[in-house]
Amino acid sequence: MSSGKGAGRSAGSQRRTARDLTRGFRSIIVFLFSISGIINVLALTGSIYMLQIYDRALTSGSVPTLLALSLLAIGLYLFQGVFDIIRSQILVRVGGRLDRKIAPLAHQVAIDMPRFGFSTAEALERGRDVDTVRGFLGSQGPVALFDLPWMPLYVVFVYMLHPFLGALTFGGALVLALLTVATELMTRRHASDTHKAAILRNQIADSNARNAEVLKAMGFAGRAVERFTAANAEHLSLQTRTSDISGTFGAISRVLRMLLQSAILGLGAFLTIQGDLSAGAIIAASVASTRALAPVDLAIGNWKSVVQARNAWRRLKETAVALGKTPEPMELPAPSRNLKVEKLTIAAPASGRVLLTDAEFQLEAGQALGVIGPSGGGKTTLVRALTGIWPALRGSVRLDDAELTQWSDEVLGQHIGYLPQEVALLDGTIEDNICRFDPAADPRAIVEAARAAGVHEMIVRMPDGYHTQLGAQGMALSAGQRQRIGLARALYGNPFLVVMDEPNSNLDADGEAALTEAIKAIRARGGIAVVVAHRPSALAAVELIAVVQNGKITAVGPKSTILQSPAQAAVANADTATQKARPRVNARVRA
């Protein structure tokens, strides 16, 4: 458990990180508020102009006075328009600046979320939150919020014309303000439910898209569409309720504003008949009261986007806080001696269920370990722990006695090569994928990794060679070709630890021979290889075997000793039989 002092430091770090999001923006907000004040003062031009026209120009019959007043009004209107344009352009640029600052953080979290059990749709919501906030800043929503604090200016102006008119305007503003509060209270819960329904709908859509081939081949695409239709209907229902609330209150506010405008005119006419008000003051009061209530009307009309932007901003602040919890570690020397797994216990991040308990072994430089065991026994869980994908619940994984958490992800990635069970290449060229999109990659290192994986000849036979575009998830290649290029990516840069999960599941005899040579090369240069395998051919170059079953490592030792043990041999044979029962995809992919 963390000490109180440590917890205090953590909380302070979180607060600083949350503040960092708005650093540099507060002065801009103050500037925008000041500009809004100027715009709202200039917006009184229409009221004052009408007052002067009716009470001075018409009564005096002076054309020069009329022209002078008109020219002055035109100039003030132009100034108002210029300041309005400046405010609008600043808001758009603030949105762009915020996007550039937060989008990388949101995408970093989006990359991390799936390995902790979140769906792809939930992860991508962080990017959509950035779009929501940026889009809101470019809309009329912020304009209404910046104008709202200046409403009393118009109320005071109307009150100066006559106290009764000021009281009526204040009452109308109060009613519309209460409508705004009611809109907020009634849409808050619906907005949250709508967002959750949207995530669920997007999860189903993402799952259907990723499994399109299965849906087509086995003929249940229609049922998949029905699942999406049901989720979409729920989302639409919640969205309709939210829109109905906002639309209803928006319509009520517009009607009340028109009623108030008519009431101002009627009361002004009465006061004029009584001799307490001039004809020009009637028009001026009507124009000023309309302007006073316009921001409220605009805010209610845009309240849906206000709520969405506020919720998106809250989630983005949580994102920044999550990233701020981990301090940047000091850079350590490159590991070169050993890998130690000490009393390692791993739980699934999504469910918390313990999948691997008290795993323990040690490998020295130049050694290779084969991991065998029945399906569901914990082999892939061990792989995820060795590569730092899943954090340890208890125990540790150490390279040269330092836990993996003592390296940053970027630095640790230089020392670890990983070939997952299901290889998914990124949208780019073969060269980009092998060098892990390193812009400063040495072409000789890329070719060296490809040769080590035995895939160089296959690549250069392609029309574009290493510049071949792979498309989304590398689907331009067969499963066997993706696995070979994935192996080259794992070997790029000669990492100290190379972890491979069923690296020969899609390889033919030539590919397995290349895999064996790659493992031998890792050992020869003083690296460590960990190979999870169902087929014994992948274990040809390893010297040690670990047996994983029922979430525990039940045996670790020399390959000959482990495989000669009747009990462990039975486990290995059963595992091999299970693998042989599976169809081999793309079994004849050659280099």
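The axes of helix 3 (residues 45-60) and helix 4 come within 10 Å and cross at roughly 180° in this predicted model. Axes here are lines fitted to C-alpha atoms, for helices over the stretch in contact, and angles run from 0 to 180 degrees between N-to-C directions. Helices (H or I, at least four residues) are DSSP runs, numbered from the N terminus. The angle makes helix 3 roughly antiparallel to helix 4, a label given to angles over 145 degrees. Helix 3 makes this contact (heavy atoms within 4.5 Å) through Thr-45, Gly-46, Tyr-49, Gln-52, Ile-53, Arg-56 and Ala-57. Helix 4 answers with Thr-65, Leu-66, Leu-69, Ser-70, Ala-73, Leu-76 and Tyr-77. The residues divide into 8 nonpolar, 5 polar and 1 charged. Ala, Val, Leu, Ile, Met, Phe, Trp, Tyr, Cys and Pro count as nonpolar, Asp, Glu, Lys and Arg as charged, and the others, Gly among them, as polar.

Residues are numbered from 1 along each chain as its sequence is written. Local features need pLDDT of at least 70 and side-chain atom pairs count only at pLDDT 80 or more, while totals for chains, interfaces and linings use all residues; side-chain values use heavy atoms, with hydrogens and water left out.

Helix 4 (residues 63-112) also packs with helix 2 (residues 26-42). Their axes come within 9 Å and cross at roughly 155°. That makes helix 2 roughly antiparallel to helix 4. The residues of helix 2 in this contact include Ile-28, Phe-31, Leu-32 and Ile-35. Those of helix 4 include Leu-76, Phe-79, Gln-80 and Phe-83. By class, the contact has 14 nonpolar, 2 polar and 3 charged residues.

Another pair is formed by helix 8 (residues 163-210) and helix 10 (residues 221-273). They pack at an angle of about 170°, with axes 9 Å apart. Helix 8 and helix 10 are therefore roughly antiparallel to each other. Their contact has 26 nonpolar, 14 polar and 4 charged residues.

The structure holds 1 cavity of 30 Å³ or more. On a 1 Å grid over the protein atoms alone, a cavity is a set of points where a 1.4 Å probe fits but cannot get out. Grid points are joined across faces, edges and corners, and a volume is the space filled by probe spheres set on the points. The largest cavity has a volume of about 40 Å³. Lining residues, which have an atom within 4 Å of a point, are here Gly-95, Leu-98, Asp-99, Ile-102, Val-130, Val-133, Arg-134, Trp-313 and Leu-316. Helix 4, helix 5 and helix 12 each give two or more of them. Helix 4 gives the most, with 4 residues. The lining has 6 nonpolar, 1 polar and 2 charged residues.

A pocket is an open set with protein on both sides within 12 Å along at least five of seven lines. The second largest pocket has a volume of about 510 Å³. It is lined by 19 residues, of which Ile-29, Leu-98, Val-133, Phe-136 and Leu-137 lie nearest its centre. Two or more lining residues come from each of helix 2, helix 4, helix 5 (120-137), helix 6 (141-147) and helix 12 (303-324). Helix 12 provides the largest share, 5 residues. The lining of this pocket has 17 nonpolar, 1 polar and 1 charged residues.

Definitions and conventions: Angles under 35 degrees count as roughly parallel, over 145 as roughly antiparallel, 65 to 115 as roughly perpendicular and the rest as oblique.
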